[in-house]
Structures are given as structure tokens and as C-alpha cells.
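Here's a quick look at a few local features of this model. Have the viewer open and follow along.

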Amino acid sequence: MARNVNKQKFLFFSRFLNPSIVGSNRNCRSLGTLAYEEIRVTPEKPKESTAFVLHGLLGSGRNWRTFSRSLASKLASPSSSVGWRMVAVDLRNHGKSAEVKCLDPPHDMVNAARDLANLVKSRGWAWPDVVIGHSMGGKVALQFVESCARGDYGESAALPRQLWVLDSVPGEVCPRASDGEVEKVLQTLQCLPSSVPSRKWLVDHMIKLGFSKSLSEWIGSNLKKAGGSETWAFNLQGAVEMFSSYREKSFWSLLEHPPEGLQIAIVRAENSDRWSPDVVQRLETLAMKKRNGSGGIVSVHVLPNSGHWVHVDNPRGLLEIMAPNIVCSS
């Protein structure tokens with residue numbers, strides 16, 4: 001097919017790994033890798049940088065498809081020799097990865113991050129230059145960097161140059177720190193049967209229980225056809241365990257002593273209810289800390305006119321924060 005080198009066109013394609021596993025259980029861990037989508041911008045450049053994009057609880061990579069495409073486009077400067085590949089990952093128990101067998105428990109931040117390393121190794125990819133994580137995905141990203149720096153993924157592993165943590169509190173999360181909506185949603189879903197009559201039935205049921213229409217419709221978007229009814233596109237129990245790990249993990253030590261050469265950018269949504277004054281002050285203090293050439297750096301950005309769902313509430317504002325500050329491969 002002819003290609004017009006004077007135009008930028010998107011090559012947008014999905015690569016969902018085959019979840020079927022062949023062989024003994026002993027080989028399951030190495031063969032069970034995450035589902036993902038890739039987004040590239042053409043024409044191809046002499047060099048390519050890679051960004052992993054990680055969704056939040058009960059989400060999937062497709063939630064970030066539009067934003068990833070917009071970011072890739074924004075970064076595709078005609079004067080730049082570097083092209084971008086965005087890899088929107090379905091974390092374990094979510095999206096197409098919920099169908100992958102042998103992503104063994106415990107379902108926690110450590111194993112969710114290790115899944116990313118296993119994906120890189122199984123595909124023979126270079127290690128990502130940038131990792132972007134929203135909400136729970138932000139802590140998976142932090143865990144990935146911490147484990148990578150510790151040598152948990154072997155000598156071949158390379159730290160990303162930059163980490164973007166989007167509206168994800170880096171320390172332990174106390175249920176009293178927000179209105180407890182996530183806990184209420186999970187408790188509600190656990191009380192429902194594994195299959196429901198229809199998406200409309202679920203949305204109506206959630207609204208009757210007091211949830212907003214937008215949240216109820218988003219929950220409904222996570223259903224998939226199963227015979228004459230619909231069932232969840234995620235593994236609910238596994239997701240609950242991941243949420244518990246997300247609340248318990250703290251990465252303040254990593255932020256206080258980031259590895260050499262790493263940039264950690266925290267984006268706090270202006271109207272998010274997840275940030276206490278103490279946490280905000282602690283982050284701002286870290287951001288002002290001078291490294292004198294040693295160690296990594298932490299920066300903090302505030303996204304105006306946005307609640308927790310940053311890529312939906314103010315995607316343009318998020319692009320304006322991220323695009324000028326994204327690093328690429330040398």
C-alpha cells in the first residue's frame with residue numbers, strides 16, 4: 001500500500017496474546033503474558049521510544065486508547081527523528097488479560113509489575129522508556145521501577161527514563177481519605193450474581209442503589225456476552241485482591257530516593273478527593289528538593305478542572321502537561 005510520507009497517519013492495531021497455555025503447570029508463569037494494544041504513528045522514524053500505559057482498577061487498556069493516540073500524535077513532531085509506540089496494557093484480572101491462565105496469585109502490586117517485565121522478555125522488546133499509570137496503575141508503575149532498580153528482573157532489565165503517576169497517592173491509602181465509593185462499588189459487585197440479565201438491568205440496579213448514572217454506565221461497560229446473559233470482563237475476586245494490595249503499598253521511600261537518571265512526575269487532579277493536605281505538602285517538599293546531580297528527580301503537576309478520571313475530565317489539559325515534558329530515547 002502506498003504511503004504518503006508528507007502525512008502522518010496512525011497505524012492502530014491490536015495484538016492480543018493467545019491465552020491458551022501448552023505444556024505443564026511448571027511452565028505456566030513464563031508463558032502466561034499480558035494482553036496489550038499497540039499504537040504507532042507513521043511515517044516510521046529512524047528511532048523509536050516506547051511508553052507503557054497502565055489503567056486503573058476495573059478498567060482496561062482500551063479506556064486509554066483515545067488518550068494514548070492523542071499523546072502519540074502530539075509527540076510526533078515533524079522535526080523529530082524519534083517515533084513513539086504506545087503499549088496500552090491490560091493488567092492481570094482485567095480486560096483480555098482476565099482470560100489469560102497462569103497469571104498466578106498472589107494478585108498484588110509486585111506480581112502485577114512483574115507481569116510487565118515478563119511481557120517485555122517474552123516479546124523480546126527493549127525495556128520501556130516511559131511508564132504511565134493511572135490510579136492503581138500508578139502504583140503498579142512505581143512497583144515496576146522499584147523492582148527493576150532492585151534487580152528483581154535480572155541484569156538485562158533497564159530502568160525507564162520517566163514515570164508518570166496520574167492521580168495515584170504514593171503512600172498507604174486509608175479508606176477514610178475518600179468517600180469510600182470504590183469500596184462500595186466492590187462490595188456491591190460481590191453481592192451480585194456472576195451473570196446479569198443485561199447491561200441496562202445492571203445500570204438501573206446501580207442507580208437504584210445510589211450510584212451516579214455515569215459511574216453505573218461505566219461499570220456496565222465492563223460486561224461481556226455470555227450466552228443469553230452478560231458477565232464481567234474482569235476477574236472480580238482477583239481485582240479485589242489487587243485493590244487491597246494497592247491500598248497497603250507505600251512508595252514514599254522510592255520518591256525520597258529515586259534511582260539515578262529517573263524522572264518521576266506526579267499529576268494530581270485538582271478536584272480529586274484522594275489527596276490529603278499532608279500528602280500534598282509532602283509531595284511539594286520532595287519536588288523542591290535539589291539532587292545536586294545525584295539520584296533521580298520528582299516533579300508535581302496539578303491538572304485543573306478534573307476529578308480522578310483525568311483522561312476523561314480534562315484530556316486536553318493532561319496532554320498539555322505531559323507532551324512538553326515526556327522524555328524519549330537518545
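## A buried serine

S49 is buried, with a relative accessible area of 0% (buried means under 20%, exposed over 50% and partly exposed in between, using a 1.4 Å probe and protein chains only). S49 sits in strand β3, residues 47-54. Strands here are DSSP runs of E with at least two residues, helices are H or I runs of at least four, and both are numbered from the N terminus. In sequence, S49 and R85 are 36 residues apart, yet their C-alpha atoms are 6.2 Å apart in space.

## About the model

This is a predicted model: local features need pLDDT of at least 70, side-chain atom pairs count only at pLDDT 80 or more, and totals for chains, interfaces and linings use all residues. Residues are numbered from 1 along each chain as its sequence is written, and side-chain values use heavy atoms, with hydrogens and water left out.

Now for a sheet of 3 strands: it is open, runs in the order β7-β9-β8 and pairs antiparallel. β7 (195-196) and β8 are the edge strands with a single partner each, so one side of each has no neighbour in the sheet. Pairing takes at least two DSSP bridges between two strands.

β8 (residues 223-226) and β9 (residues 229-232) share 4 bridges, in the antiparallel sense. L223 has W232 of β9 as its bridge partner, while K225 stands opposite E230 in β9. The hairpin has 2 residues between these strands, and G227 takes a positive phi near 70° there.

## Helix α12

In α12 (residues 315-322), the buried residues are G317, L318, L319, I321 and M322. Their cover includes α2 (65-75), β10 (263-269) and α11 (310-313).

Note on methods
Contact means heavy atoms within 4.5 Å.
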